[in-house]
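Colleague: Could you take one part of this model and go through it closely? I would like the strands first, then whatever you can say about chain contacts and charged pairs.

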Amino acid sequence: MTTIVAIKANDGAVLISDKRASKGFFIGAKEVQKIYKLDDTLGVAMAGLMSDAEYVINVVKAERNLARQRRGFRLSVRESAKLIANMNYSAMKSFNPFYTELLVAGNDAEGPHVMSSDMSGSITTEDFTASGSGSPMAYGVLESGFKKGLTLEEAKDLGERAVRAAMERDPGSGGGVDFLMLPLNSFKAKVNA
Amino acid sequence: MEAGRYPYFYGPEGRLLQVDAALQAVSRGSNTIGIQTEEYIMLSSQVKPTRPLLDPMEKIYNIDEHIGATGSGYVGDILKLIDEIRLESQRHRLTYDTPIDTASLARHLGNYLHNYTLYSVRPHGASVILGGFDALGLQLLQVDPSGTYFKGQAFAIGQNADAALSVIEGEYKKQMTVEEGAELSTKAIKAAVEEDPLIEFGLVKKDTGKFEKISPNGFKARLPESG
């Protein structure tokens, strides 16, 4: 019960979400944070069980910090997504899955990336992706509005329209829009620092 | 339990007898060298002469596409350490879906070796030199039985390593062709072993980022174009 969207732009990646947390047919909370900034170069948007998602995100955050200190450079976006997928996969195989789908967006030496990993442990790499109960509505806007080479600002506007469209018709989504922009030059600044 | 009573505890001078002995074992091994230039890392190791019907021992090891290693000391110990880092580099690929960086591999090997200095077991009588290419560029590292690892431009281990190293220190240049690097390594090994040694070479090139092996004394025959 959520709408989250991730879009890859020319000069970065952006995550957009609604703010509603549902408890069955009841609105459990109206201002929930569904986007997490792990550091200056990586963000994650979550759909599904909030507690599971937060746990996975915290572990990946710790692993990223550890890896950066140990080897002297950051985990790439794909490496981070792979860590999430590994956790999801092993949980699924031990019949105790994390009930989440996470959208991973960020920048690395190869540029901006958008990936998603669901509870089965798969990873998909895409130009744009959406998840949650509002995703069919969001995809309608994204499929017609997305083109290659968007600027980060344009990508953010498109994502916001997609989430707002979902909020109009999906009872599981609402309460306003949150977003996190991850500009490519903030990664470059970090690398050169 | 007074100090010095057991070989696996600290000795009276605060030294670890077993670790010292392991380093001693390394310095009896075949002369082995790693040098790093701007364009490549070259690993070279003396292959000890054998009987006519016996194939010479392999001394340069492929660890992963982008990393090579060599070692000195007890060959059985070297082989076990090589297997351990091959395993770790595949483990890294499973966990992160990317090739492991050379320093992380050295760190893993250091941790692995360090474990054997803490308990009443024999530490590995082998040092390993790793050369690889990763996001930080070319990296050359040496890992000792104590678990210590060093990063640098040139290392020499095995018998008479000091003699070999002083040859390299005297003539090392950042810009050397592959052929010059091979010549310098050969000269250094010759200075250490005082005979005409059989040498095996390995090369990690910056432009390809790949590791390749070159068979004993077949260097000129199989010399890549960049030389």
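Modeller: A:Ile35 stands opposite A:Ala45 in S6(A). Strands here are DSSP runs of E, at least two residues long, and helices are runs of H or I, at least four, both numbered from the N terminus. Residues are numbered from 1 along each chain as its sequence is written, and chains are lettered from A and ligands numbered from 1 in the order written. The model is predicted, so local features need pLDDT of at least 70 and side-chain atom pairs count only at pLDDT 80 or more, while totals for chains, interfaces and linings use all residues; side-chain values use heavy atoms, leaving out hydrogens and water.

Strand S5 (residues 35-39) of chain A runs antiparallel to S6(A), joined to it by four bridges; two strands count as paired if DSSP finds at least two bridges between them. Two residues separate S5(A) and S6(A), which form a hairpin. S6(A) also pairs with strand S7 (residues 100-108) of chain A, again antiparallel, over seven bridges. There, A:Leu42 has A:Gly106 of S7(A) as its bridge partner. Of the seven residues in S6(A) (residues 42-48), six are buried, meaning under 20% relative accessible area, with exposed over 50% and partly exposed in between (1.4 Å probe, protein chains only).

Now the contact with the other chain. In chain A, 10 residues are in contact with 11 residues of chain B, contact being heavy atoms within 4.5 Å. The area buried between the two chains is about 990 Å², with carbon and sulfur atoms giving 55%. A:Arg71, A:Phe73 and A:Glu79 lose the most area on the chain A side, together 45% of what that side buries. Buried area is the accessible area (1.4 Å probe) lost when two parts are put together, summed over both.

Between chain A and chain B there is one salt bridge, in which A:Arg78 meets B:Asp97 (2.8 Å, N to O). A salt bridge is a side-chain nitrogen of Lys or Arg within 4 Å of a carboxyl oxygen of Asp or Glu. Helix H1 (50-71) and helix H2 (77-93) of chain A each supply at least two residues of the side touching chain B. H2(A) gives the largest share, five residues.

Within chain A, A:Arg71 and A:Glu79 also meet in a salt bridge (2.9 Å, N to O), and both residues are buried.
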